Amino acid sequence: MCGICGCGQPNGSVKIKKVTANMAEEQNHHHNHHQENGHGHHSHEHAHRHGKTVLEIEQDILGKNKLLAERNRGYFEAKNIFAVNLVSSPGSGKTALLERTLIDLQKERPCFVIEGDQQTSNDANRIAATGAPAVQINTGKGCHLEADMVNDALKQLQPSDNSLLFIENVGNLVCPAMFDLGEGARAVIISVTEGEDKPIKYPDMFHSSQVCIINKMDLLPYVNFDVEKAKEYARRVSHITEFIELSATTGEGMEKWYDWLRDAAEGR
Ligand SMILES: Nc1nc2c(ncn2[C@@H]2O[C@H](COP(=O)(O)OP(=O)(O)OP(=O)(O)O)[C@@H](O)[C@H]2O)c(=O)[nH]1
Ligand SMILES: [Mg+2]
């Protein structure tokens, strides 16, 4: 797990805030010079102080997370909300994909967004500009979202029945794989600028996802990226059968993603 980066600590530094379109504008005129300074200890120090091994602490954290994830899942089921957890390395285009998706799908059904980043409300501001209600979670030192953060965010967001909920995880292909958020599906995004070997380098993330989006297809002519090879690598480490090639910038291929979302939301 990610004991080294400190994200196994109690979530004292996590901040959750609702972002509206007005705030988005205001923030754009504001530069935030304050980098948060964590005071946490590495979790192995933590472990020794409490007489527990790192492994025991990891099991505690993941076990507790799993319970809270099931609570979220029950909430989604009761309200018929289809929740998608978007995971990728930083910059693969999660927010860009969401911006276009929200513009196109909000007419069909209500959409809500939970944004996860270590710092800033940049992504929630981008989302709020589309008119979709958005809540930003800042994880501080944490490198992934956890089920209790999503639970807290849901209380602020109050997504309506029969809606789509998009959860943009922290850009990271490692730790978010281990944390169930109670989502109905996990979508892993790779972009053609990252190299086709990501699935075999970060197999857990692909193993735990149901659909794989290959983004930035508009850049394919300019980069060395073998799409078929990327899919073959992903199949090697996962059960993913659905690959969606698209460009969040040009909009090419987005219909297939929308069809997938519609089917998945209907449980097909
Ligand atoms: N050419 C091209 N650029 C894209 C595409 N999708 C996203 N980008 C660009 O890639 C950069 C990163 O996109 P984001 O949407 O911020 O990526 P992200 O995954 O949300 O990044 P983090 O939230 O930081 O993890 C931006 O400059 C986007 O404009 C695409 O399909 N084609
Ligand atoms: Mg983003």
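Colleague: How many of the five residues of strand β4 (residues 134–138) are buried?

Modeller: A residue counts as buried if 20 or more other C-beta atoms lie within 10 Å of its own, as exposed if 12 or fewer do, and as partly exposed in between, with C-beta atoms placed from the backbone. In β4, five of the five residues are buried, so the strand is largely enclosed by the rest of the structure. A134, Q136 and N138 point one way from β4, while V135 and I137 point the other way, and all are buried.

Colleague: Before we go on, what sort of model is this, and how are its parts labelled?

Modeller: This is a predicted model, in which local features need pLDDT of at least 70, side-chain atom pairs count only at pLDDT 80 or more, and totals for chains, interfaces and linings use all residues. Residues are numbered from 1 along each chain as its sequence is written, and chains are lettered from A and ligands numbered from 1 in the order in which they are written.

Colleague: Thanks! How many helices and strands are in the protein chain?

Modeller: Helices (H or I, at least four residues) and strands (E, at least two) are DSSP runs, numbered from the N terminus. The protein chain has 10 helices and eight strands. Of its 268 residues, 41% count as buried.

Colleague: Now the sheet. What is the order of its eight strands?

Modeller: Two strands pair if DSSP finds at least two bridges between them. Here the sheet is open, with mixed pairing, and its order is β1-β4-β3-β5-β2-β6-β7-β8. The edge strands, β1 (15–19) and β8 (242–245), each pair on one side only. From one strand to the next, the twist averages 20°.

Colleague: Which way do β1 and β4 run?

Modeller: They run antiparallel and are joined by five bridges; the bridge partner of K17 in β4 is Q136. Strand β3 (residues 111–117), by contrast, pairs with β4 in the parallel sense, over five bridges.

Colleague: How should I read the nonpolar core, and which residues have the most contacts inside the largest one?

Modeller: Nonpolar side chains tend to be buried together in soluble globular proteins. A nonpolar core is a set of buried Ala, Val, Leu, Ile, Met, Phe, Trp, Tyr and Cys residues joined through C-beta atoms within 7 Å. The largest one here has 59 residues, and V113, V150, F166, I167 and I213 have the most contacts inside it. A contact means that two C-beta atoms, placed from the backbone, lie within 7 Å. Leaving aside neighbours within four places in sequence, V113 is in contact with L98, I127, A132, A134, F166 and E168.

Colleague: What is I190 in contact with, and where does it lie?

Modeller: I190 lies in strand β6 and is buried, with 29 other C-beta atoms within 10 Å. Beyond four places in sequence, its contacts are S88, S92, K198, C212, I214 and A230. I190 and K216 are 26 residues apart in sequence, yet 8.6 Å apart in space, C-alpha to C-alpha.

Colleague: What is the phi of K216?

Modeller: Most residues other than glycine have a negative phi. K216, not a glycine, has a positive phi of about 65°. K216 sits in the loop between β7 and α9 and counts as buried, with 25 C-beta neighbours inside 10 Å. T120 also has a positive phi, near 75°, and lies in the loop between β3 and α5 (122–128). With 13 C-beta neighbours inside 10 Å, T120 counts as partly exposed.

Colleague: Last one: which residues come nearest to ligand 1?

Modeller: A residue is near a molecule if its C-beta atom, placed from the backbone, lies within 6 Å of it. Of the 17 residues around ligand 1, G93, K94, T95, A96 and G171 come nearest. Helix α4 (residues 94–105) gives the most to this shell, with three residues.

Key:
Axes are lines fitted to C-alpha atoms, for helices over the stretch in contact, and angles run from 0 to 180 degrees between N-to-C directions.
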